[in-house]
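Visitor: I am new to this structure. Please take a close look at one part of it, and then connect that part to the rest.

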Amino acid sequence: MGSHVRARRAAVALGFAGLLCAVLGAVMIVMVPSIIKQQVLKNVRIDPNSISFNMWKEIPVPFYLSVYFFDIVNPSEILQGRKPQVRERGPYVYREFRHKSNITFNDNDTVSFLEYRSYQFQPHKSRGLESDYIVMPNILVLAAALMMENGPISLKLIMTLAFSTLGERAFMNRTVSEIMWGYEDPLLHLINKYFPSMFPFKGKFGLFAELNNSNSGLFTVFTGVQNFSRIHLVDKWNGVSKVNFWHSDQCNMINGTSGQMWAPFMTPESSLEFYSPDACRSMKLVYKEEGVFEGIPTFRFVAPNTLFANGTVYPPNEGFCPCMESGIQNVSTCRFNAPLFLSHPHFYNADPVLAEAVSGLHPNPEEHSLFLDIHPVTGIPMNCSVKLQLNLYIKSVKGIGQTGKIEPVVLPLLWFGESGAMEGETLQTFYTQLVLMPKVLHYAQYVLLALGCVLLLIPVIYQIRNQEKCYLFWSSSKKGSKDKEAIQAYSESLMTSAPKGTVLQEARL
């Protein structure tokens, strides 16, 4: 009797536990998605109390700038009107350090900041040294010549004389360090003396001189604390909500983020839009495919074919014109009116005429396309590789002898890739808190529900089996009772029939 009571109590206890598990699992199925969403919203906004704030302030991801130069093989022949031939040199790799300063939270749910960048050469990752010499177009000479193309012949003759006096030629042989970070040039001093507003360079001239130990402008972005719908979007850059470099309002608009984080909960219909001070414009990347980076699910975004398309191929880009062949963007209006063009490396995704005009170019998507891998739930980049090429339009300018008989051509100067991937402790923390824990909660809710259902079956099964035992006992009891009645009836019949037999026996006697 005691064991029966204990078994019954155990079955009831397990049933109660099962009910709790089932209820908890059901509640989690309803509530967990909402809880995860709230946690993500809380931790991706720009707030000193959020998990991602320090990641946003001091980017822990090691970024690298890899630069490839196009070494001119036949400068003398180009001056005679022949096809340019180039040889790719590099990569020359630099570690890129970024940090934000002057962080100011404003009353309108925005934060303003300056982001400084500095670069450190990495010999062990490079294929060459900064002391390597590269033959390149003399940008100052060829740009100044083209800018004077429609000027009076007398001024052109004076410019030719000045170039000759200063020893300036159409092509130069400089070290990687000089091309990157600047070199003294007497022509620059002369131009700054008589035309002080022509070039922004006051000391040395270098293609990346303005980027090292400098900031990319004052960004003001929405924090998402008060209004989540605008999280990370740029409100203003250098105090303005649109630039004036281009010829249409659409092209001048500052759209998207500052290029470091995006709104969470992305879908394949989402796009990545950001403003790039280096390109002086907003850019939009499009979804390509799902992927996995170090166990973390990602969405890969790539550049659409229309990113650098000309106005004829893609009318919304008409504002970036005057245009040439499709696949290159004229950036002269934001680069001191020098005939500079942006494109993908080796003129990938551009009009084939551009690559065919220069020997030594081999565009292919594996090496020359750009991509960003984003964790769709948080909008945080996991792995990225942004690749761009800088080109110079050169041609012979009548009246300026240094330009010789150069045939019109868009000549690539260099291409660079900025790459970074989350790693180490940062990656582990991100994976644990924003991937592993939500995944554990996701599976736990179904495990609890299933366990609860199983435990709920225990008292039911116990009750059924108990009823079966009672039925068997009742059946056996009932059968035993009938047997006893039969035996008793038989005994009684014997008792009643015995005296008659006795009388017969006596009679016989």
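**A loop proline and its context**

Guide: Pro-322 sits in the loop between β10 (296-302) and β11 (328-330). The model is predicted. Most peptide bonds are trans.

A cis bond also joins Gly-90 to Pro-91, with omega near 10°. While Pro-322 is in a loop, Pro-91 belongs to strand β2, which covers residues 86-105.

Most residues other than glycine have a negative phi. Asn-213, which is not a glycine, has a positive phi of about 55°. This residue is in the loop between α7 (186-194) and β6 (214-222). Its relative accessible area is 59%, so Asn-213 counts as exposed. Asn-349 likewise has a positive phi, near 65°, and lies in the loop between β12 (340-343) and α9 (352-356). With a relative accessible area of 32%, Asn-349 is partly exposed.

From the backbone, turn to the side chains. The whole structure holds 11 salt bridges. One of them joins Asp-278 and Arg-117, at 3.3 Å from N to O. The two residues come from distant parts of the chain, 161 residues apart: Asp-278 from the loop between β8 (271-276) and β9 (281-293), Arg-117 from strand β3 (residues 110-121). Asp-278 is partly exposed at 32% relative accessible area, whereas Arg-117 has 7% and is therefore buried.

Another salt bridge pairs Lys-395 with Glu-149, whose closest N and O atoms are 2.9 Å apart. Lys-395 is in the loop between β14 (380-394) and β15 (409-421) and Glu-149 is in the loop between α4 (139-147) and α5 (153-166), so this pair ties together parts 246 residues apart in sequence. Glu-149 is partly exposed, at 28% relative accessibility.

Lys-242 and Asp-249 also meet through their side chains in a salt bridge, 3.4 Å from N to O. Lys-242 has 45% relative accessibility and counts as partly exposed. Asp-249 has 53% and counts as exposed, because the cut-off for exposed is over 50%.

Salt bridges can also join up: Asp-71, Arg-87 and Arg-89 are linked in a network of them.

How values were computed: Residues numbered from 1 in each chain as written. Predicted model: local features only at pLDDT ≥ 70, side-chain atom pairs only at ≥ 80, totals over all residues. Heavy atoms only, no water. Helix = DSSP H or I, 4+ residues; strand = E, 2+ residues; numbered from the N terminus. Buried < 20%, exposed > 50% of the residue type's maximum accessible area, 1.4 Å probe, protein only. Salt bridge = Lys/Arg side-chain N within 4 Å of Asp/Glu carboxyl O.
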